[in-house]
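Here is a short report on charged pairs and strand pairing. Look over the sequence and the model, then read on.

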Amino acid sequence: IKELTPLQASVTQEGATERPFTGIYYQHRAKGTYHCIVCGQLLFTSEAKFDSPCGWPSFDAPAEREHVVFIQDYSHGMHRIEVRCANCNAHLGHIFPDGPTATGNRYCINSASLDFHAEQKEKKPRASHFLSTYSPYIQLLSTRTVTIQNTRSGTGSENQRSPSVRSRNLWHFGARATNRR
């Protein structure tokens, strides 16, 4: 078992509930997935999360139905349905049939029972990717030479260098090479 804070241990192992409006994920809006804090099981996705005035993170469905189990809960003088992690039996929260989405469910889950994994952004291609992709074109361009005439300011032929023509490799696309000084 992962080392848990006293609140995480109390919620997941003893069925306690964190105070409303205090959990780290109550108004959390980042894209990603929510996992069991005890065993790492995938439980919910950010797409299933919605804002609810109840004071706890709310979801309309688990990421996979078989990743959670339901237990009849008659504690505190009321009947509720408890939600637990199917893998390690950690207490997560409760489900209520008053959700605003098409499922009609509101999974009211304690932040202390969750571990958030942010969605990985697509990485930009590195220079090595660029070079491997465009290598044939770069090689083709580097074998061609461009003639550049070097002239100094002035009008007479006495101001021109000898020899008046140089060759250089062209390494960029579609450029006109001029080298005036």
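## A buried arginine

Arg 80 is buried, with a relative accessible area of 15%. Buried means under 20% relative accessible area, exposed over 50%, and partly exposed in between (1.4 Å probe, protein chains only). Asp 73 is also buried, at 12% relative accessibility. Arg 80 and Asp 73 form a salt bridge, with their closest N and O atoms 3.4 Å apart. A salt bridge here is a side-chain nitrogen of Lys or Arg within 4 Å of a carboxyl oxygen of Asp or Glu.

## Basis of the model

This is a predicted model: local features need pLDDT of at least 70, side-chain atom pairs count only at pLDDT 80 or more, and totals for chains, interfaces and linings use all residues. Residues are numbered from 1 along each chain as its sequence is written, and side-chain values use heavy atoms, leaving out hydrogens and water.

## Other salt bridges

The structure holds four salt bridges. One of them joins Glu 82 to Arg 84, at 2.9 Å from N to O. Both of these residues are buried.

Arg 29 pairs with Asp 51, at 3.0 Å between the closest N and O atoms. This pair links distant parts of the chain, 22 residues apart. Both Arg 29 and Asp 51 are exposed.

## Strand S8

Strands are DSSP runs (E, at least two residues), numbered from the N terminus. Strand S8 spans residues 106-109 and is covered on both faces. Arg 106 and Cys 108 are buried on one side, Tyr 107 and Ile 109 on the other.

Two strands pair if DSSP finds at least two bridges between them. S8 runs antiparallel to S7, with four bridges, and antiparallel to S4, with two. Tyr 107 is the bridge partner of Phe 59 and stands opposite Ile 95.
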